[in-house]
Amino acid sequence: MVKRKLGALEKVEADLPNLQHKIRRDPKSYIEDFRAQHYQYESHREIFMAAPSATTETGLISLRELIDFLAHVADCYPTITKDFPQQLIDILTQHHLILQPELREKIVGSLVLLRKKELLDSATLLQTLFPILISTPSKTLRALLFQKILMDLRSSNAKTTNHKLNRTMQTVLFNMVTSDRTSSKGLWAIKLTRELWKRQIWTDAKAVEVMKEASLADNDKVVVGGVRFFLGGDKEREEMEDESSDEEAIDLGKVKHQVGINKKTRKKSRAVEKAKATVKRRERKKNQPHPLNFSALHLLHDPQGYAESLFSKHLQNTKSKLNLDQKLLVLQLVTRLVGLHKLHIMHLYSYFQKYLTPRQPSVTSFLASLAQASHDLVPPDDLEPLVQKIANEFVSEASASEVASAGLNAIREICVRQPLAMNETLLQDLVMYRKSKDKGVMMAGRGLLSLFREINPEMLKRRDRGKDASIGLRSGERKEKRFAEQEAGGIEGLELLEKWKEEERRKKRAEKGLASDAEDDEDEDDEEADWAAWNVEDDEDSDDSGDWVNVQSDVEIELSDSEDEKDGPPSKKAKSNDDTKAESKPEETAEAKFSKLATTRILTPADLAKLQELRTEAAVNALVPGSKGATRHRDDPLTAEEIEGLAALSAGKATREERIAHAKEGKTDRSEHKSVTAKRKERKEDQGKSTTNKEKARKKNFLMTLRKAKSKNKRSLVQTRAVLKAHQDRAKRGGRRGNVGAVA
Amino acid sequence: MGSSAKKKKEKQKDFQKAKLKVGKAKGKPENFTDTSFKTKGITLTQQSLTLTAPSIQSQFTHHVSLLNSKSDAQRRDSLAHLTTHITSKPTSQPLPQPVSTLLPTLSPLILDASTNVRTQLLKLLRALPPADVEDHVVQLMPYIRAGMTHLAADIRVTAIEVLSWLVEIAGEAVVSCAGGWIKTLNCFLSVLGWHTEESSKWSANRAAFGKAGAKGRPMVKVLGVLAEFLHAGIGEDEDDEDVVMGGAEVESGYGSGDGGDGGFPIVQADVHMVPKTAQPYVYLNLFGSPRDEEGEMYETREERFRVFKSRFLVAVERGVESARQDGGEVGRASSSVSKVLKEARGVDWEG
C-alpha cells in the first residue's frame, strides 16, 4: 500500500514538544517563540474562562497541551510566567467540578511540576490540593491528589525534616478532624497521617493527637480508622522499615567484573556509578544512629483522660452506633492503654461482666481484652468476681473442651498480670484440670500450675508445688508479692556486663599470673593511665562522634572501691586509705551486686557499647527455639489467638486431606522429576555459564566429524604414531595452550 | 540423507502450480478470506421515510451541526453550503439562525488545521451581515488572537485575514472591546517579532520556529493589517463629519461638537442620553471576572493613544524603522504603518 501523499499545502505543523526541546537547550534564542505561545495560552485561557464547561476542542492545540508546555519550560522564563502558577491554581479551585478529567489531571500534574522547579512553594501547593481532595466527587482525581500530596510531603521532608510545613499540615488535619465530628471527611486526615507515620516522616506527638481526635469522632468510619492506627500503626511502621532495609543487596564486585568483560558503553558506566552510590548510601545509613521512634501509644499526652473518654463515648454510651466488631476494636485500644500505662477506669471491669459467657460472639477477644486490662495496680476486688465468673461459665466438665481451655488461658493471663485476683480454693480446683483427657485443656491447666509455682507456690497444695518451688519456699527466696509492690529498678543487662567483666579479669590474671607481685604500683600507674585514656578519648570524641565503639574497652575508671574483694586481687583499687571499708560479702545477693556496679562506677562509653552488645546478644539467644521463651514486650498486644491457645489440639483427629495438606506445607513444589545431571546442567544454563569441551564435542554436528572419522581409518602407522605422540605431548603440557603460568 | 530428500520435496510443494482446466472454476488464491455470512433479516436502525425534501431551514441547521465534524472535507463542504445559502438569499430576509448562535461554532474554525476549511470560513465570514457581527466582536477576538500567535504560520495568516475583515466592518468595536487593544497589539508585536531590540534587528533570526507557511510574504500582510488596526484605534476620525447622527453618538460622544440637535437649553444632549449600542453598560463589567490592565476596555482614542505611547510606541517605531531598512515590499508596507503613526501623533498634538 502506497502511503498517501499529503499535499504540501494541506500540511500544518504545530510541534510543541519540538519547541519545548529547543527552548530547553537555548532559552534565550527562542524567547520570541515562547512569548507567542504564552499569548496563545492566554487567549485559550480566556476562551476557556468564558465557558469552562464547554468541551470544544480548539483545533490543533488544546489548552491542555499549552499548559503542559508552559509548565515544562516555565523555569526558563520566570518573568514572563510569574502569574502562571496562580492562574492554574485559580482554574483548578474554581472549576474543578466541571473540568474535563484530562485537563484536570494535567493541571494537577503541572502544579506538581512547577513545585519541583521551585516556582511554587509546598505550602501553597498543599493548600490548593488539599481542599479539592476533600471536596471533589471524582474518585480518580482523589486518588491522584492523594498521591501527589503524599509525594510532595515526602520530597519536602527528604533531606531534612521540614518542621514548618509539617506543623501547618498537621494543624490543618487536626482542625479538619475536630471541626466537624460527624462528617466522614476526617478519613482523609487519617489516611494521610497513617501513611506518613508508616514512612516515619511524621513521628511526633502532634500526628498522634490528630489520630486521637479522630478516634473520638462521631462518625464510625473515622473512629475505626483512628483506633486501628493505634492498634496497628506501629507494627506497620516496623514492617515498612524491615522491608526497606532488606532490599536486594548489590554485589559491587560482580558489577565491576561485568563491566570489565562486556562492551563499554556510557549506559553501563552510569550503572556502575549508580551501584557505587547506592552501596555508599547504604553504608552511611547503616552507620547512622537508629532514629528514636516512640510508639503512638507512648506519645499520647493524657492517656488516662483519653482512655476514659473513649470508654464512656463508644462503649458505655448506649446510643453509640458502633457495631460489635468496631466496639471490640475500641475495647482493645482502651484495655491496651490501661495495661500499658497502668490506668484505672472505674466501670471498665463491671462492663466486662455481661460479656463473659461462652455464647457471646467473639468472646475470646473479650477475654484477651480483659487480660490486657489487668495490671498489678488493679484492686483484686475488681478482678476476683470476673475470674470467678470465667471459672463458672467456661471451665467445667460439662463445657466443650475449647471453651474450657480458653477460660483457663484467660485466667492464667489475668493472673500473670495480677496474681492477687486468684483465691486458693479456686486455684486448687482449676489446677485439677491438668489431668483432663483433652490435650488443650490439659496444657492450659499445666500452664496455670507452672505460673503459680513461680509467682505464689503457697497457694498450691503441697504436692503440686514441685521441687524448685518447695526449696525456694523453705529458703524464703520466693515470697508472695504484696499489692502494688514494686521491684527496685536497675539497668537492663547490667548483670551481663558484670559477668563479662569478671571473665575478662580472670583471663587477664591468668595471663600475667607470674608478674603479680608489684601490683600496687602498677595499679597506681594504671589508674593514671585510665584517666588519661578517658580524657584522650573524650577529645577525640568531640571531633567525630562516630568512633564511640573504638574506645579502648578494657580501661576502667573507679571512683570508690568498696567492692570487688571477691574478685580476687584488688587489681583496680584507687585509694588505699579506703581499704578498711572494703570487706568481702559473699552472702551479698545478686541484686545488690548489680546495683553496686552502677552506683560505684562511672560506666565509660566502652562499657555502654559493650552493654548494648550484650543486650542484643541476649535478645537473639532468647529468640532461638529451645531456650526459655522470649518474654513479651510491654507494647505487644494480647490477641484472641493466644487465649484460644491450643484449642486446635482438642479438635479431634484431622481428616486425611488435612494431614496431606499439613505434610505438604513445608515442602516446595517441584515441577518435574529430572536426573541430577540434567538439573545441574539447567542450573548452569540459568547462571549463564558456558559448556565444557566434552559437551561441545558431544553436541558437534555429525557431518563435521564424519570426515575426520573416515580419514582416521586410512592413516599410515607413522601418521598414527605422530598423532599419538602429539597427543601425549599436549597432555603433558596441559592442553593446546599449555599451562605456561603453572610451570613458571 | 533421507531427511534431506524429504526436505527438498517439502520445499517443492510450495511452488507447485495449480492446473487450470477448461470448464472448471478458477481456484481461490491462498490468501482468500471468506467474508460471506448468513442472516435471517436485515434491520436498518434509522430510516428516513419522509416524502418531502428537508426544508431549507432544517438543512441549514444540519450543516451548522456538521461544522464540528471530524472530517476536513465535511467541514469544508458544510461551510460552503452555508456560504452559498447566505449569499443567495435576499438581504432583506433574516438568517435562518442568528449570528449569535452561529459564531460560537464558527470561531473555533479559525484555528482549524485544514487550509481549505479556513479559506472557506473566511468566505463565510465575509458573507455575514456586518451589523450583526459588530455586537459579537468580544467573543471572536480571543480566537483571532490565539490564531495570530499559533505555531503554524498558515493559521497565523488566516487569523490576520480574519482580523483585517473584522477591523474593516467593526473597527471601533475591535479596538475598544475588553482586551482588544493591548492584548491584540501584543500579539502583533509577537507575530512581527518586534518585542525586544535584538529581535527586531534585521539580522535577527526572523523565522525562528515553525514552518514558514505556504503563503508567501506574511510579513507584508501583517504590516498592512497592523496599519489598519492602528488606524482604527488611534487614527484620525475622518468619518466624523459624514456619519449620520446615530453612528456619531456611538463612536465619539463629544466629537460632534456643539451642533446639538436638541432645543436650546439642552446642549450636547446625546452625551447625557443612554447610549444606543447593544450593550451599553458592558464597561462596568458586572458579570465577568475582574480584568487586569491588559484585559481592560479602552473606549476613547485618547486612552488608547496614552496606553500605546507608554507601552508600544518605542517598539513599533523601532520595528517600522528596521522594516523600512529592509526595503522591498516590506519597506513599502511599513510606510503605511508609519503614516498612521504620524497621523496619530498629529492628532495628539492637536488634542
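What percentage of the 744 residues of chain A count as buried?

## Overview

Of the 744 residues of chain A, 26% are buried, a residue being buried if 20 or more other C-beta atoms, placed from the backbone, lie within 10 Å of its own. The model is predicted, with local features needing pLDDT of at least 70 and side-chain atom pairs pLDDT 80 or more, while totals for chains, interfaces and linings use all residues. Residues are numbered from 1 along each chain as its sequence is written, and chains are lettered from A and ligands numbered from 1 in the order in which they are written.

Chain A has 33 helices and 0 strands; these are DSSP runs (helices H or I, at least four residues; strands E, at least two) numbered from the N terminus.

## Helices H8 and H10

Helix H8 (residues 163-179) of chain A packs against helix H10 (residues 205-215) of chain A at about 10°, with axes 9 Å apart. H8(A) and H10(A) are therefore roughly parallel, the term for angles under 35 degrees. Residues in this contact include Leu173(A) and Val177(A) of H8(A) and Val210(A) of H10(A), contact meaning C-beta atoms, placed from the backbone, within 7 Å.

## Helices H8 and H9

The axes of H8(A) and helix H9 (residues 186-198) of chain A come within 8 Å and cross at roughly 145°. On the H8(A) side, the contact is made by Leu173(A), Met176(A) and Val177(A).

## Helix H31

Among the 12 residues of H31(A), the count of buried residues is 0.

Notes
Axes are lines fitted to C-alpha atoms, for helices over the stretch in contact, and angles run from 0 to 180 degrees between N-to-C directions. Angles under 35 degrees count as roughly parallel, over 145 as roughly antiparallel, 65 to 115 as roughly perpendicular and the rest as oblique. Two residues are in contact if their C-beta atoms, placed from the backbone, lie within 7 Å.
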